Amino acid sequence: MQQRGMFEGLELSAKQRQQMRDLIRQNYHDVMPKMYLDNVEAMHSLIISDSFDEAAAFRQAELIAQAQVEKQVALAKVSHQFYSLLTPEQKAVFNQKHAEKVARLQQKLDQLRKYEDSQP
């Protein structure tokens with residue numbers, strides 16, 4: 001899972017780790033790989049066909065985009081459920097790590113803007 005790193009370093013109990021594994025299995029693990037594979041195969045069929053059907057490719061791209069939206073919602077739901085399993089102390093560490101991550105991202109954005117502004 002993409003956001004697993006957010007929960008590293010929180011000294012989770014064995015029970016918390018098991019609960020998180022169960023949540024992944026229930027909300028994400030079983031559904032997403034099949035959804036991804038189906039979309040890849042459908043797009044591949046369009047690519048290898050004798051003639052390109054732009055309308056069908058557009059519809060398939062929309063399905064892929066919708067699958068990505070559903071994936072992000074599932075990730076947010078599981079992350080929220082993970083967060084609710086944390087103790088107040090773990091939540092404080094989690095929020096501090098988030099603030100640090102946001103600060104690093106902001107610093108990178110500022111550097112990109114500075115670089116773009118200096119280009120002729």
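Which residues of H3 are buried? The buried residues of H3 are Ala56, Ala57, Gln60, Ala67, Ala74, Leu75, Val78, Ser79 and Phe82. Buried here means under 20% relative accessible area, exposed means over 50%, and partly exposed lies in between (1.4 Å probe, protein chains only).

## The model

This is a predicted model, in which local features need pLDDT of at least 70 and side-chain atom pairs count only at pLDDT 80 or more, while totals for chains, interfaces and linings use all residues. Residues are numbered from 1 along each chain as its sequence is written, and side-chain values use heavy atoms, with hydrogens and water left out.

## Overall layout

The protein chain has four helices and zero strands, and its elements run α-α-α-α from the N terminus on. Helices (H or I, at least four residues) and strands (E, at least two) are DSSP runs, numbered from the N terminus.

Of the 120 residues in the protein chain, 21% count as buried. The accessible surface of the chain is about 9,100 Å², and carbon and sulfur atoms account for 57% of it; such areas come from the Shrake-Rupley method with a 1.4 Å probe, and for residues only the protein chains shown count as cover. Contact means heavy atoms within 4.5 Å. Among contacts between residues at least 6 apart in sequence, 75% join residues at least 24 apart.

## Helix H3

Helix H3 covers residues 54–85, which is 32 residues. From its first C-alpha to its last it reaches 47 Å, close to the 46 Å expected at 1.5 Å a residue; the expected span is 1.5 Å times one less than the number of residues. At the start of H3, a side-chain oxygen of Asp53 comes to within 3.2 Å of the backbone nitrogen of Ala55.

## Helix H1 and the segment before it

Gln18 lies in helix H1, residues 14–29, and is partly exposed at 34% relative accessible area. The side chain of Gln18 makes a polar contact with the side chain of Asp22 (2.8 Å). A polar contact is a pair of N or O atoms within 3.5 Å; within protein, one must be able to donate a hydrogen and the other to accept it, and residues adjacent in sequence count only if both atoms are side-chain atoms.

Gln16 also lies in helix H1, but is buried, with a relative accessible area of 7%. Leaving aside neighbours within four places in sequence, Gln16 is in contact with Glu11, Leu85, Leu86, Thr87 and Gln90. Glu11 lies in the segment before H1 and is exposed at 74%. Most residues other than glycine have a negative phi. Glu11 has a positive phi of about 50° although it is not a glycine.

## Core and aromatic pair

The largest nonpolar core has nine residues: Phe7, Leu10, Leu12, Met20, Leu23, Val78, Phe82, Leu86 and Phe94. H1 and H3 each supply at least two residues of this core. A nonpolar core is a set of buried Ala, Val, Leu, Ile, Met, Phe, Trp, Tyr and Cys residues joined through side-chain atoms within 4.5 Å.

The structure holds one aromatic pair. The ring centres of Tyr83 and Phe94 are 5.3 Å apart and their planes stand at 55°, so the pair is tilted. Rings of Phe, Tyr and Trp (its six-membered ring) pair if their centres lie within 6.5 Å; planes under 30 degrees apart count as stacked, over 60 as edge-to-face and the rest as tilted. Tyr83 lies in helix H3 and Phe94 in helix H4 (residues 88–118), so the pair ties together parts that are 11 residues apart in sequence. Tyr83 is partly exposed at 24% relative accessibility, whereas Phe94 is buried at 11%.
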